[in-house]
Each structure stands twice: as C-alpha cells, then as structure tokens.
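Subject: Handover of a protein structure

Dear colleague,

Please find below the structure that I am handing over to you. My notes on it follow directly after.

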Amino acid sequence: MKIILKWIFATSLILTTYQMQAQIIRRPSPRIEERNKDNDEEESKYDVLTADIKIGNLGFFGNLFLSGKGNVGYQITPWLNAGIGGKVFYTQIFVPSAPDFKYADLGGFAYARAKVFRNFFAQVEYHYTSFDYVTPLLTGANISYPTIGAGYVSGNGPWKFGIELNFLVNDLARDYQGSVLEYWTGAFYHF
C-alpha cells in the first residue's frame, strides 16, 4: 500500500511541475515573431542559389596537370538547376635539359543539372574554351563544344561533397585536352 501511495505522490508531483512550467513559459511578442519572419524570408532568397567548387584532371607523374572549375546556379525546381561557370586547365610538360612547355586553357560554360535520385545527377554543359598552343598541329583555338555528364554527391547540410564525370562530345576539344572524359571532385552548395 505504501508503494502505491508513493507512486501516486510521485506521479502527481511530476504532472503538477509540468503544468506549472507550461504556465510560466511565455509566448514571444509579435515584434519578435515579425523579426524572425523577415530573417526566414531573407534566408529563403539564398536557398535557391547553388554553387560548386571542384578540382580535377590531375596528373603528377612525368608532367603536371591541374584543373579547377567553379560555377553558380539557380534552383528552378527542387530537382533542376541551371547556371554559369568557368574553368582553367594548366599543363606543364617537363623536358630534360630544355625549357618546360607550359599551357593554360581558360573557358566558360553554361549548364543544366537534374537530380536523378537523392544523391545522383545528370548534367549537360556548353563550353567556350580558349586552348593554348600545344603542337604544330594543335596551334591553339577557341572552341565551343558540349559535354554530357553524371555525378554523385554525399553529405548532410547545405554543403555536400562529390564527383562528376563529363564526356567531351567535340573531337577537337578531346585532342586539345588529351582525354575523352573530364573528371572533377569537390564541394557542392545546395545540391
């Protein structure tokens, strides 16, 4: 019997304390609610922007190959975004007992990206790149060309990390880059 009384007393004490705390908690003033609403609206304006920072096409053996790519976009729907970006390719070919050959290719692009699943995406890009002199056959050119790609991202929050592969559709662009594929790894903001 004493156990039951103790249990009833403990239960009533807990319920009474909970009720008293519920009475004490105040509701925020309308000014504070209005200020919070304004902050939410400002944050939502930037929630539709996307950005990527990537490095790729790296090579360190025999020669040096470095590439960087960045872009910003607008989220049209939760699964589709589009934007613009730029990229740079740097190549240094080491020649024993002679000056090294150095090339810098600069370009810009427009892209559209669609989420296929939660972490996978398909992407198309249209590039305009100024390629530097490579050989007497590849004397330098400004080339417009498309790429078709896919990628994977992982992570929580606004920043995610992932990879992207792009197939170069143009033969001349492949000749200048010395590859059929571009590969990139980096950070994706608001994927």
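Asn 57 is buried because its relative accessible area is 13%, where buried means under 20%, exposed over 50% and partly exposed in between, for a 1.4 Å probe and protein chains only. Asn 57 is in strand 1, and its phi is near 50°, a positive value in a residue other than glycine. Most residues other than glycine have a negative phi. His 190 also has a positive phi, near 55°. His 190 is placed in the segment after strand 8 and counts as buried, with a relative accessible area of 16%.

Please note that this is a predicted model, in which local features need pLDDT of at least 70 and side-chain atom pairs count only at pLDDT 80 or more, while totals for chains, interfaces and linings use all residues. Residues are numbered from 1 along each chain as its sequence is written, and side-chain values use heavy atoms, with hydrogens and water left out.

The chain as a whole

The chain has 3 helices and 8 strands; these are DSSP runs numbered from the N terminus, with helices being H or I of at least four residues and strands E of at least two. Along the sequence, their order is α-α-β-β-β-β-β-β-β-α-β. The chain has 191 residues, of which 28% count as buried. Among contacts with a separation of 6 or more, 49% join residues 24 or more positions apart; a contact means heavy atoms within 4.5 Å.

Two buried polar side chains

Asn 71 belongs to strand 2 and counts as buried, because its relative accessibility is 5%. Its side chain makes a polar contact of 3.2 Å with the side chain of Tyr 111. A polar contact is a pair of N or O atoms within 3.5 Å; within protein, one must be able to donate a hydrogen and the other to accept it, and residues adjacent in sequence count only if both atoms are side-chain atoms. Not counting residues up to four places away in sequence, the residues that Asn 71 touches include Thr 50, Asp 52, Ile 84, Phe 109 and Arg 113.

Gln 123 lies in strand 5, residues 120-131. With a relative accessible area of 2%, Gln 123 is buried. Which side chain does the side chain of Gln 123 meet in a polar contact? The partner is Glu 164, at 3.3 Å. Leaving aside neighbours within four places in sequence, Gln 123 is in contact with Lys 69, Tyr 111, Thr 147 and Gly 149, among others.

The nonpolar core

The largest nonpolar core consists of 7 residues: Phe 131, Leu 138, Ile 143, Tyr 145, Leu 168, Ala 173 and Tyr 176. Such a core is a set of buried Ala, Val, Leu, Ile, Met, Phe, Trp, Tyr and Cys residues joined through side-chain atoms within 4.5 Å. Strand 6 (141-154) and helix 3 each supply at least two residues of this core. Apart from neighbours within four places in sequence, Leu 138 is in contact with Asp 132, Tyr 133, Leu 172, Asp 175 and Tyr 176.

The pocket and the cavity

Rolling a probe the size of a water molecule over the atoms shows where empty space is left. On a 1 Å grid over the protein atoms alone, a cavity is a set of points where a 1.4 Å probe fits but cannot get out, and a pocket is an open set with protein on both sides within 12 Å along at least five of seven lines; lining residues have an atom within 4 Å of a point. Grid points are joined across faces, edges and corners, and a volume is the space filled by probe spheres set on the points.

The largest pocket has a volume of about 370 Å³. It is lined by 19 residues, and those closest to its centre are Phe 65, Thr 91, Tyr 176, Gln 177 and Gly 178. Strand 3 gives the most to this lining, 4 residues. The lining comprises 11 nonpolar, 6 polar and 2 charged residues, where Ala, Val, Leu, Ile, Met, Phe, Trp, Tyr, Cys and Pro count as nonpolar, Asp, Glu, Lys and Arg as charged, and the others, Gly among them, as polar.

The structure holds 1 cavity of 30 Å³ or more. The residues that line the largest cavity include Gln 75, Trp 79, Arg 113 and Phe 191. Strand 4 provides the largest share of this lining, 3 residues.
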